[in-house]
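Please find my notes on this entry below. The overall figures come before the local ones.

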Amino acid sequence: MQQTHNLILLYGDMLGGPALQRSIESAADGCDTYLLHDADQIITELQRGNFDILVLDADNELLEVSELLPLLRRQFQPAELPILVLSDRLSTDNCNIALSLGASDFITKPLSADEVKIKIRNALALRQCFKAQQLTRNQLEQQVRIRTAKLNMLIDSGLMMSREKSRERLLAHILREGQKLLHCDGGTIFLVTKNRSLRFAIRTRDDTLPFDEIELYDPVSGQINDRYASTYAANHNETVIIDNVYAETRFDCSGTQAFDAQSGYRTVSLLTAPMAPRSGQVIGILQFFNALDPRTGAVIPFPPDIVELVEALAAQSAIALDNLQLIEGQKNTTESIIRVLASAIDTKSPHTGHHCVRVPELAVMLADAACRQTEGPLAHFNFESEDQWLEFRVGAWLHDCGKVTTPEYVIEKATKLDMLFNRIHEIRMRFEVLLRDADIRRLETLLDGGDSTEADRRFEREKAELMQDFAFIAECNMGRESMHPNDCDRIKTIAEKTWLRYFDDTLGLSQHDTLRLRAEDKPSLPVAERLLADKPKHIVPRPEHKVPDPALGIKMDIPENMFNYGEIYNLSIQKGTLTAEERYKINEHIIETINLLEKIPFPDFLQRVPEYASTHHETLDGRGYPRKLTAKELSIPARIMAVADIFEAITASDRPYKKPYTLSESLKILCAMKNNRHIDADIFELFLTSGVYRQFALKYLLPEQIDEVDIFEYLDKAS
């Protein structure tokens with residue numbers, strides 16, 4: 001009875017084999033699958049039955065694929081028996097090994113019906129080619145075999161091109177596969193430029209590529225340039241075959257002839273095929289020269305029947321190249337937008353300098369040094385692909401994107417009373433009023449006939465006291481390393497002084513402030529007010545929507561109020577210029593970074609961007625923010641980001657709230673942070689031993705900051 005179904009021999013274990021059998025038969029129409037559990041019987045069954053395809057479950061521990069495939073290929077040719085390998089853990093390297101050992105293709109588990117259908121169909125196509133070969137004889141059989149080999153090459157080439165992510169390697173692969181497919185001496189790829197010209201991209205020969213471009217349109221008349229075979233193929237999306245460039249009359253081959261004269265090479269036959277992706281717009285040209293006779297090696301014209309294969313290769317190449325260009329374009333656009341955003345954040349606050357730009361640069365320098373390590377604790381770390389590098393760069397560029405929500409006056413708060421302006425002037429005017437009042441009292445005493453000497457003495461005493469008190473308040477406003485308790489008491493004592501206000505302080509306010517302050521009682525004017533005060537209007541309550549979502553896992557202490565602008569409260573800040581509310585507001589930028597980034601549907605190759613961008617304030621001891629992560633939860637890239645962020649911040653010379661530290665002082669600070677388990681010791685040591693610290697310093701630090709550094713001093717402390 002004539003066989004109407006294709007037969008598939010499937011090797012699998014007793015547990016998972018039946019499910020694989022059902023999946024394959026469901027996806028592959030017209031195929032009957034025979035399930036075999038004994039690996040030792042595979043060759044016997046193949047010899048006994050007329051199977052079309054062998055499918056091997058490589059996940060079965062009892063199956064030694066690396067031993068079985070060579071045995072099978074010694075008895076069965078690839079076209080005679082296509083072998084498909086199934087595995088849920090098949091890496092690219094293992095795939096290539098399996099393919100090199102004789103597998104025809106591979107299918108990843110869990111099985112996809114579409115993939116199974118396509119690859120079974122491809123395998124059956126190979127099998128049918130084999131059956132067709134058996135029906136032919138002598139020369140016809142040889143021709144079919146060659147044709148099949150070219151088809152196999154084309155299929156394999158398509159698979160390779162679909163996986164390739166490097167533009168240079170893709171172009172080289174296209175040219176190499178085309179040369180093998182056509183059995184010719186070499187080839188060249190031209191790419192269409194934005195200016196509508198053809199640019200030499202790559203060629204098989206080692207000759208230097210010409211820099212000249214070939215115009216697709218006449219620059220003077222604007223007419224289509226069909227003078228050359230290459231421009232004609234590009235303009236008309238049509239393959240051109242020239243049997244002999246020295247006898248050609250339709251196209252101008254003087255450029256090829258001139259090249260021959262210069263190089264000593266002799267070009268005879270040419271085949272030029274356009275590369276056009278799905279859009280139909282030609283993006284490049286494949287040009288192959290000097291077809292070779294398979295038997296004698298002599299140069300011959302390109303056979304017309306090869307055009308279809310060349311055009312198929314060109315179409316595959318165009319799609320692969322177009323996809324790669326689209327992906328590269330998307331990645332470049334994404335990274336450019338992110339860089340613009342980072343630069344905008346720096347521009348938004350001129351006193352943060354170029355922090356958002358410099359930190360990524362330093363982080364990449366340090367990550368590159370880590371990737372080069374072959375020994376020690378960082379030897380296992382590496383970014384193995386450009387996608388991983390892009391992911392890290394994007395995370396670094398976005399590490400402070402949440403600062404777009406932070407008020408500038410908080411970021412730039414250089415004195416304790418700074419808001420949108422320095423409120424020390426407001427307080428100074430009150431001192432001015434008190435001094436003016438004292439002078440008025442002196443003048444009134446004189447008008448009333450009082451003792452002028454006593455009046456002048458009293459005025460000078462009051463003036464001196466006011467001058468001293470204001471100088472003290474102004475000094476407190478500057479922000480010290482620490483405030484003495486007696487200073488805080490003196491601030492409160494000075495605050496008890498009063499001045500007389502005659503004007504309504506609720507006039508000229510914004511609608512928001514009017515609504516916020518309308519509950520306060522308005523005293524009768526004039527009213528005596530304290531020289532310094534913490535008033536109810538200085539308190540800005542925290543709205544409910546400003547409390548982080550618990551799902552984010554934020555573990556920072558959140559102040560009750562959004563802001564507290566109290567004058568005594570701000571002047572009494574113990575260290576620096578920021579209140580607890582303002583410090584939280586600055587630290588909150590990392591929460592906003594998380595909020596922003598977790599709303600972005602990053603593609604798979606950028607999935608770790610939120611991690612890289614939001615962990616640079618975490619510490620190894622679990623006391624960092626915002627999530628108080630532990631050392632086990634911090635990846636090497638996250639630890640690199642922390643060192644880069646801190647070093648740039650402490651060495652920056654354009655911050656209004658601190659002095660720029662020298663190189664040695666900065667490394668001393670980092671060393672202390674390492675000893676306190678705030679930063680990673682291995683990353684800190686790499687930062688020193690790789691010389692990245694000095695490389696960055698020479699580029700961005702002021703000359704007076706770069707002093708002599710003995711890195712072994714810090715390494716000894718680290719050990």
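1. Of the 719 residues of the protein, 46% are buried (under 20% relative accessible area with a 1.4 Å probe, protein chains only; over 50% is exposed and in between is partly exposed). This is a predicted model, in which local features need pLDDT of at least 70 and side-chain atom pairs count only at pLDDT 80 or more, while totals for chains, interfaces and linings use all residues. Residues are numbered from 1 along each chain as its sequence is written, and side-chain values use heavy atoms, with hydrogens and water left out.

2. There are 26 helices and 16 strands in the protein (DSSP runs numbered from the N terminus: H or I of at least four residues for helices, E of at least two for strands). The protein is more spread out than a compact globule, because its radius of gyration is 39 Å, well over the 27 Å of the globule rule for 719 residues (C-alpha atoms; the rule is 2.2 Å times the number of residues to the power 0.38). The C-alpha trace spans about 140 × 75 × 55 Å along its principal axes.

3. Where does T415 lie? T415 is in the loop between α13 (408-411) and α14 (424-447). With a relative accessible area of 8%, T415 is buried.

4. Beyond its neighbours within four places in sequence, T415 is in contact (heavy atoms within 4.5 Å) with N422, N477, M478 and T577. The side chains of T415 and N422 form a polar contact of 3.4 Å (N or O atoms within 3.5 Å, one able to donate a hydrogen and the other to accept it within protein; residues adjacent in sequence count only if both atoms are side-chain atoms).

5. T415 and A471 are 56 residues apart along the chain, and 14 Å separates their C-alpha atoms.
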